[in-house]
Amino acid sequence: MAAEVVPLAQLKLPSGPSPVTAEQRYWKSFKNQKSHTSTANWPISHISFPTASGGSNSLVAAVKQNDLFAVTSGPRVNIYSIRKRELLKNIGRFDSEAHCGEIRADGRVLVAGEDSGKMQVFDVGGGTRANILKTWHIHKQPVWVTKWSPLELTTLMSCSDDKTVRLWDLPSNTPSRTFTGHSDYVRSGAFMPGNSNLLVSGSYDETVRVWDRRAPGGSVLTFKHADPIEDVLPLPSGTTLLAASGSAISVLDLVAAKPLRLITNHQKTVTSLALASNGSRVVSGGLDGHVKVFETTGWNVVYGAKYSSPILSVSVISAGATQEDRHLAVGMQSGVLSIRTRLTGPMAERARARAAEEAARDIGSAALEKLDTQKKRKTKKATSNKAMAALGETMDFIIPTQTGRKRKFKLKKWQRDFREGRYADAVDEVIDMTGPNYQPATALSVFTALRHRSALAEALEGRDYVTVQPLLKWVGKYMVDPRYASICVDVSFHLIDIYSEHVDGNPELAHQFQSLWGKVSKEVEKAHIAIKTSGMVESLLLMGAME
């Protein structure tokens, strides 16, 4: 039985280097943007959400079920829903500007400091009103940092302009430990991951200090910088620390007690650092309005975005059982909170469907009909697969076969011409660059098939001055593309053999051949330069290897 005759398959061209990397595609997928503006345009100074590194199983489970994140601006701390991105609670029970509102890992309690030196703990777990559970007024100057221990629910730390770092136990009225040693304001601090005994702080005295509450003296490690420290960020490993100092970010090795690298990609002061992708990426924001994403192996920038105002805070909010990145939240000096969301699963499918429908609607009714046909075909296939799966529950093997009439392919005009041997007409159809369905790969497929059939000369001969010019234009356009060069050379040789004797009789034809010759000459010149450059580079590499 003879094989079924199918339409000519279109060649698949090799894809060139993509201008957009996989990392850029990932971060560009955070595009479902929603913005909130703070009351009286107060700057967004801090964004946080609960984390638990190395805690108990119940604590980790509580973090995965959490739906809250806190945003501090002016004399208020706002509680937002991670799932809905909507404001849930507004805490305004502060006497002055609030700082560093932090939600505990179980999502039930929040702590914040303020300019008066007071620290307050609020119940945010239930109800619409946040009740005050605890108040400390030990610090004598503004409290800029309040952080919960990632391992112990009742332990927290604070950093203040009174140059101290204090460790607190929630039931107690006094700090359990006070660390002194900084000589200027302490504006940043954090617990080290996996160890609630170790703390780190950054000060305007240009130092980063590591404290151990088990040690009787002061700091156990000190790193001196060239500028005031705006933020510190320990990595999940617990052995590496980042510090934002001026426009640079220093990478510090706590085990070797030495700096590893200085990152200088920002042009102005770096104000905020945050982890992303389960600790494999670091996100930074600065007064230059740029957000930059770094990979943590070579500390190269893998993505960057520009915002309309200086950035004071940045956070990548994760959610779900796998703690995948959900929102890119950026707080700005202008009082705008920008939340960009990455859609996944069914939500992403629905978003893509809406985008495709809107694009088809913009094109016209024909595109809408095509989209509807695709939807029906997809639904029919899904129904068939479901039926086959149900059948497979009662059968050991299923051998799919096609029954009924054979599928009839609807051929295009050039396909019919090609099948019936009208090669010249098929070529004219596929090289028409003004046609609505023009695709250069289709022309390449036809020319390649003609070459395999030794019918290229038959398709090109017997033309007049008018019909030969589109061929010369097509060859001249794609001669410089390496993917088309081979077939363009063959077509050019045939055109020269057939029509060179008629060049003197037509100026336009002579001009087309002259233009083709000029492009080929330029390509040959580029090839010679590339060969020379390659030779010089090889010589330099050889000399370097000998030294």
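The open sheet here has 4 strands in the order S18-S19-S20-S21, paired antiparallel. Strands are DSSP runs of E, at least two residues long, and helices are runs of H or I, at least four, numbered from the N terminus; two strands pair if DSSP finds at least two bridges between them.

This is a predicted model, in which local features need pLDDT of at least 70 and side-chain atom pairs 80 or more, while totals for chains, interfaces and linings use all residues. Residues are numbered from 1 along each chain as its sequence is written, and side-chain values use heavy atoms, without hydrogens and water.

S20, residues 248-253, is joined to S21 by 5 bridges. In one of the pairs, Ile249 has Ile263 of S21 as its bridge partner.

Next, the nonpolar core. By that I mean buried Ala, Val, Leu, Ile, Met, Phe, Trp, Tyr and Cys residues joined through side-chain atoms within 4.5 Å; buried is under 20% relative accessible area, with a 1.4 Å probe and protein chains only. The largest one has 36 residues, and Phe447, Leu450 and Trp474 have the most contacts inside it. Helix H7 (440-452) is among the elements giving two or more residues, and its 7 residues are the largest share.

Which residues of H9 are buried? They are Val468, Gln469, Leu471, Leu472, Trp474, Val475, Gly476 and Tyr478. These pack against H6, H7, H8, H10 and H11, where contact means heavy atoms within 4.5 Å.

Notes
Buried means under 20% relative accessible area, exposed over 50%, partly exposed in between (1.4 Å probe, protein chains only).
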